[in-house]
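Welcome, and please open the model in your viewer with the sequence panel beside it. We will go from stop to stop, selecting a few residues each time.

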Amino acid sequence: YIKKMMIRFYQNENDLITALEEKKVSQASSITPANAEALREKGYRVESSTLPRIFGLFFNQSQNQIFIDKAVVHAIDQAIDKDRIISEVLFGYGVAIEDPIPPNMIGYQKLSEERNTNHAEMVEKVKADLAKSGWVIGESGFLEKTVTENKKKTTKVLEFSISTGNAPELAKSAALIQEDLASVGMKVEVKTFDVGNLNQSVIRPRKYDALLFGQIINNESDLFAFWHSSQRKDPGLNVAMYTNAKVDKILEDSFITTDANERVKKYAQFEDEIKKDMPAVLLYSPNSIYVLSKDVQGLS
């Protein structure tokens, strides 16, 4: 049925969508969720599949010691409404995640723990848990805690900044996270950078409190670059500055193991350690989106 195939390349997504609507092309990939929804409403067929990518909030304890407090990190995890990000930012083209291994990586699929879907109830629970840990709303209007340092009592505010790229999906996700955390009393500043500046001025010198960032994990061995302690400094990709001797050993052994079943066991141990230490709050895996005009048949 196909006598001729022509592949066209475009400078940007807007030109690609125009070409699709003007019937210069009959199908297109790498469409953003917002544009995919608009095209679906115009009668185009939209197919999607979860990408081997994870997005999360990676904490830099060296820059801001507030993340050493497990109660704070746990509260951040519970307060963020991941389903809202999936709905409002990704238009449903993605899945919420709890683990550092992409949900579509064969052999490592694990059912996510049930989260309380009533966000209002979760917010109240988080507030109560933080109060038990000594965090109360102070004169600043945000959560504060009195601590003793060098025999002197000082009051510290629960505040930090989130650095991320200026891509629309990242910027909007950061704004929603900021809103969620403000609802429990955390003071959060969002800093957005263009991609080049983010890499050179923020990520490479590790100048951030928390980094809203994505990782592409095409196979298990990529996890070494993101989580092994030897990769904490540039050009390593361990942006959580994570150090755990047990995780290092698991990643090293997994790297050289030829037994597939043994490797699955090791990566399950790896996930358990990451969940216990919480060096990051994992948020979502986005979908790859493919749009076709109605006259294209036979796609499975």
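Start by selecting R40 and E37 and showing their side chains: the two meet in a salt bridge, with 3.2 Å from N to O. This is a predicted model, so keep that in mind at each stop. Both residues belong to helix α2, which covers residues 33-41, and they sit three residues apart, about one turn of the helix. R40 counts as partly exposed because its relative accessibility is 38%, which falls between the 20% and 50% cut-offs.

Next, pick E98 and K82. Their closest N and O atoms are 3.4 Å apart, and the pair forms a salt bridge. E98 is in the loop between β4 (94-96) and α5 (119-132), while K82 is in helix α4 (residues 82-88), so this contact ties together parts that are 16 residues apart in sequence. Are these two partners buried or exposed? E98 is buried, with a relative accessibility of 18%, and K82 is buried too, at 4%.

Now move to helix α10, residues 260-277, and select K266 and E262, which lie four residues apart there, about one turn of the helix. Their side chains meet in a salt bridge at 4.0 Å, N to O. K266 is buried, with a relative accessible area of 14%, whereas E262 is partly exposed at 31%. For a linked group, select R84, E88, E179 and D180 together: salt bridges that share partners join them into one network. How many salt bridges are there in the model? The count comes to 21.

Time for some strands. Colour β3, residues 53-59, and you will find a mostly covered strand, with six of its seven residues buried. Which strands does β3 pair with? One of them is β10 (residues 210-216), which runs antiparallel to β3 and is joined to it by seven bridges. Select I54 to see an example: its bridge partner in β10 is Q215. Another is β11 (residues 280-292), also antiparallel to β3, with four bridges between them. Here, G56 stands opposite L282 of β11.

A separate stop is the open sheet of three strands, in the order β5-β6-β7, with antiparallel pairing. Its edge strands are β5 (136-137) and β7 (152-157), each of which pairs on one side only. Strand β6, residues 143-149, is paired with β7 over six bridges.

Conventions. Residues numbered from 1 in each chain as written. Predicted model: local features only at pLDDT ≥ 70, side-chain atom pairs only at ≥ 80, totals over all residues. Heavy atoms only, no water. Pairing = 2+ DSSP bridges. Helix = DSSP H or I, 4+ residues; strand = E, 2+ residues; numbered from the N terminus. Buried < 20%, exposed > 50% of the residue type's maximum accessible area, 1.4 Å probe, protein only.
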